[in-house]
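Work through the exercises below with the sequence and the model at hand. Each task is followed by a solution in steps.

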Amino acid sequence: MLQRISALIAVGAVALTMTGCGNGSTSANPADSGKPAGDGTITMGFSQVGAESGWRTANTKSVQESAKTAGVELKFSDAQQKQENQIKAIRSYVQQKVDVIAFSPVVESGWDTVLKEAQNAKIPVILTDRAVDSADTTLYKTFLGSDFIEEGKKAGQWLVEEYKDSTDPVSIVELQGTTGSAPANDRKAGFAEVIGADPKFKIAASQTGDFTRAKGKEVMEAFLKSTPDIDVLYAHNDDMGLGAIEAIEGAGKVPGKDIKIITIDAVKDGMQALADGKISYIVECSPLLGPQLMDLAKKVVAGEQVPARVVTEETTFTQEQAKEALPTRQY
């Protein structure tokens with residue numbers, strides 16, 4: 001009888017302990033409540049695309065420094081431009097029961113399953129820099145980033161203006177970003193939409209350069225061999241454009257004169273090339289998303305409503321504008 005009473009006491013103690021740990025209806029588990037526990041510190045799991053460019057390096061630095069300033073505990077992973085690495089990282093964050101997950105998707109497609117897992121765990125997700133093509137927009141709280149289609153349009157508008165008085169054909173080669181990624185898809189579409197209104201503009205060749213300087217140089221070397229008369233290069237980021245400059249100079253041509261170059265990003269190296277006259281025009285895409293991301297993270301964890309789309313403010317640069325901006329450029 002004494003043993004039975006002791007056992008009942010032990011069971012009761014366990015039950016009280018379980019209730020106190022948040023397994024009852026008043027759960028204190030961050031994954032269940034959507035709010036940070038303990039000292040109130042928010043834990044964010046962040047999966048970065050990689051370190052393929054100067055832009056991405058600046059973006060990572062902005063996120064890391066902003067997390068520290070905002071008092072957010074950051075769990076960071078580098079996907080090395082592989083979707084499977086990002087999926088593994090997101091699943092790890094779900095298992096760790098972080099308060100919020102943010103990531104910049106390598107490609108647009110193939111996220112529904114893992115995002116559903118985060119949703120089932122009641123962990124809000126924020127997309128940064130790049131979008132996903134999921135039809136179920138409830139799988140993430142908001143998308144913070146640039147309007148890539150508008151960036152492509154701005155590049156095309158400059159080109160149209162530059163050649164408005166010419167009736168001769170304009171031969172264009174295009175260095176695309178990573179195949180399947182939102183910026184590559186949208187920057188191509190926006191540019192094509194604008195130049196498509198005038199038949200003198202012809203894209204003679206278009207190929208991915210994976211957003212890297214080395215690949216940009218390699219593909220441009222191939223373009224120069226296969227397409228001898230190139231008037232314009234449109235590169236989806238500065239790094240590919242900078243690699244292409246090496247190839248153009250190696251072929252004995254003058255970048256900015258023999259071949260006009262349009263790029264997107266406006267990182268320091270690109271801006272310097274623009275100031276030097278090697279690049280003709282740059283459309284800005286700011287990587288400094290950290291402060292906005294931390295602000296959004298705090299709001300979604302607190303259960304506040306946030307806009308479904310937050311667009312960053314950006315501009316464009318000519319040679320003279322680049323010279324003025326370079327001394328105080330942050331990235």
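Contact here means heavy atoms within 4.5 Å. The model is predicted.

**Exercise 1.** Locate arginine 130, decide whether it is buried or exposed, and list what it is in contact with beyond its neighbours within four places in sequence.

*Solution.* 
Step 1. Arginine 130 sits in the loop that runs between strand E4 (125-128) and strand E5 (142-145).
Step 2. Its relative accessible area is 1%. Buried means under 20%, so arginine 130 is buried.
Step 3. With neighbours within four places in sequence set aside, the residues in contact with arginine 130 are Val49, Glu52, Arg56, Ser104, Pro105, Val106, Phe143, Phe148, Ser181, Ala182, Pro183 and Phe211.

**Exercise 2.** Classify the aromatic pair of tryptophan 158 and tyrosine 281, and state which parts it ties together.

*Solution.* 
Step 1. The structure holds five aromatic pairs.
Step 2. In the pair of tryptophan 158 and tyrosine 281, the ring centres are 5.3 Å apart and the planes stand at 10 degrees. Planes under 30 degrees apart count as stacked, so this pair is stacked.
Step 3. Tryptophan 158 belongs to helix H6 (residues 148-162) and tyrosine 281 to strand E10 (residues 281-284), so the pair ties together parts 123 residues apart in sequence.
Step 4. Tryptophan 158 is buried at a relative accessible area of 15%, and tyrosine 281 is buried at 9%.

**Exercise 3.** Describe how helix H4 and helix H5 are placed relative to each other, and which residues make the contact.

*Solution.* 
Step 1. Two packed helices are described by the angle between their axes and the distance between the axes.
Step 2. The axes of H4 (residues 83-96) and H5 (residues 112-120) come within 10 Å and cross at roughly 10 degrees.
Step 3. Angles under 35 degrees count as roughly parallel; H4 and H5 are therefore roughly parallel to each other.
Step 4. H4 contributes Ile87, Ile90, Arg91 and Val94 to the contact, and H5 contributes Thr113, Val114, Glu117 and Ala118.
Step 5. By class, the residues of this contact are five nonpolar, one polar and two charged.

Conventions: Residues numbered from 1 in each chain as written. Predicted model: local features only at pLDDT ≥ 70, side-chain atom pairs only at ≥ 80, totals over all residues. Heavy atoms only, no water. Phe/Tyr/Trp six-rings, centres within 6.5 Å; stacked < 30°, edge-to-face > 60°. Helix = DSSP H or I, 4+ residues; strand = E, 2+ residues; numbered from the N terminus. Buried < 20%, exposed > 50% of the residue type's maximum accessible area, 1.4 Å probe, protein only. Axes fitted to C-alpha atoms, helices over the stretch in contact; angles between N-to-C directions. Parallel < 35°, antiparallel > 145°, perpendicular 65-115°, else oblique. Nonpolar A, V, L, I, M, F, W, Y, C, P; charged D, E, K, R; others polar.
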